[in-house]
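Dear colleague,

I am handing over the structure below, and the notes that follow go through what was found in it. Please keep it open beside the text as you read.

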Amino acid sequence: MKDPSVMRRNLLGRLIQSLPWLVNLKIWLIILYRYLMYPLRFIPVSSKFFGPPKGYYFSVHDMTKAAPEGELGQVVFLSEQETFERKPPISNSPLIINYFNRLRQAKIDESYVALLKSGRYWGVNSACITTADDKIIWLLSPTNYTFKLNFHQAFSRIKLPPVKSYNRVICLVTESIQNNYYHWMIDFVTRLWFLEKAGVDRRDSWYIINHRNLPFQLQTFQAAGISTDRIINPNRYTHIEGETLIAPAQASSFYGQSHSKEALAYVRTLFLKDQSKVLPFRRLFISRDKSSRRIVNEVELFNKLQTFGFEKFFLEDFTVQEQAALFQSAEMVVSFHGAGLTNIIFCDPGTVVLEIMSPDYIHAYFWILCEELKLRYFCYCDEDAYQGVKGFSFQKSVQLNLNVVKCFEYIQSVLQNLG
């Protein structure tokens, strides 16, 4: 039976998405409420018992500088921040080129693992990591609606839920991973690599992971050696203290962020158990005909692609391991924008990826991945199909009526110049 409070939040969310102006109103009301709650943090009682945390450290660096060495825990630093420039995108569409060009300046954030003494966790999708001196670590505690440091949602809590104590807890809560395959693989699984590189002993540990028992999530747990009996799936009442609370750096893929090549290689090796070289030869057409965001006349396009040896696949019918093996064997992948393209992680360098994009729903995630993985990326966008309807709810269910002739001509031109 569904939680009534969850159903109410989902209903409110759909209402807000259908009336975009309500989003700004909601943000301002939240900020106003947090202003009013600001004095609560001065209550001289630990948030473990009453009131909110008493302040924040922006980063783990601030924490280690403020406290005597080892008093709050230790931080294992793995890599420094890296900046670089991506190559220009290749597309038939000026709209795509202009949008992607804004993301050519790239960075990979520093990576680390924090091991906190008597650290606490509270929250659902937006983790709140609190140190033993009752301060949140802001960069490990993603917030919602406002990025003002003093107005993290934790600071407006009159009382946190009762705390439950554990010995050794690994916090892997990450926004947007609950049901999205892309964010699961890119923002969550990569954090497992941080643990491995830091040499963290995961035996006898508990894990805090927000998930929905989806097949790809359960397959990940199995591949990574995480027993589902040791997973805490957080809810609004979750408040946990660990004798040692272990928190890898957040690995966000939003705003054009890149990822460590080592972390992406870890995702590949986790699911590609047979690393022997597979001669790429298959041409894959990834169908989204079973999804809400799809190409209406997909069949017409695929009938033309068949003449060039393309095979159609519904990735919903495959395990993650099977998808990995399929994409490793690919010479070329053609797909409408969707989470299934995350599997290009398993492609060998040089594989051609051609993404079909709706002008109403533009994201650079897979161009960015191709740049990191040394894949050859092309993007076709039918700008004449722009419907001009705003709002995230609409964009998630874009029904693209593709100009099949123009799209097929573009794909032909790419095939002719593979060389």
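The side chains of Lys312 and Glu298 meet in a salt bridge, with 3.5 Å from N to O, where a salt bridge is a side-chain nitrogen of Lys or Arg within 4 Å of a carboxyl oxygen of Asp or Glu. Lys312 lies in strand β14 and Glu298 in helix α8 (residues 298-305), so this pair ties together parts that are 14 residues apart in sequence; helices (H or I, at least four residues) and strands (E, at least two) are DSSP runs, numbered from the N terminus. Lys312 counts as partly exposed because its relative accessibility is 27%, whereas Glu298, with a relative accessible area of 2%, is buried. Here buried means under 20% relative accessible area, exposed over 50%, and partly exposed in between, with a 1.4 Å probe and protein chains only.

Two points on the basis of these values. This is a predicted model, in which local features need pLDDT of at least 70 and side-chain atom pairs count only at pLDDT 80 or more, while totals for chains, interfaces and linings use all residues. Residues are numbered from 1 along each chain as its sequence is written, and side-chain values use heavy atoms, with hydrogens and water left out.

The structure holds 14 salt bridges. In one of them Lys54 pairs with Asp134, the closest N and O atoms being 3.4 Å apart. Lys54 lies in the loop between α2 (21-36) and β1 (56-57) and Asp134 in the loop between β6 (128-130) and β7 (136-137), so parts that are 80 residues apart in sequence are tied together by this pair. Lys54 has 24% relative accessibility and counts as partly exposed, while Asp134, at 6%, counts as buried. Through salt bridges that share partners, Lys54, Arg120 and Asp134 are joined into one network.

Another salt bridge is formed by Asp317 and Lys290, whose closest N and O atoms are 3.4 Å apart. This pair links distant parts of the chain, since Asp317 is in the loop between β14 (310-313) and α9 (320-328) and Lys290 is in the loop between β12 (282-286) and β13 (294-295), 27 residues apart. Both Asp317 and Lys290 are exposed.

Turning to nonpolar residues, Leu25, Leu29, Leu32 and Leu36 form a nonpolar patch on the surface, with about 390 Å² of accessible area together. Patches are made of residues with over 30% relative accessible area and no salt bridge, like charges being joined within 9 Å and nonpolar side chains (Val, Leu, Ile, Met, Phe, Trp, Tyr) within 5 Å; accessible areas come from the Shrake-Rupley method with a 1.4 Å probe, and for residues only the protein chains shown count as cover. Leu36 has its place in helix α2 and is exposed, with a relative accessible area of 58%.

Leu214 is found in the loop between β9 (206-208) and α6 (215-224), and counts as partly exposed at 26% relative accessibility. Leaving aside residues up to four places away in sequence, Leu214 touches Gln178 and Asn179, a contact meaning heavy atoms within 4.5 Å.

For the chain as a whole, the secondary structure comes to 12 helices and 18 strands, and buried residues make up 51% of the 419 residues. Of the contacts with a separation of 6 or more, 76% are accounted for by residues 24 or more positions apart.
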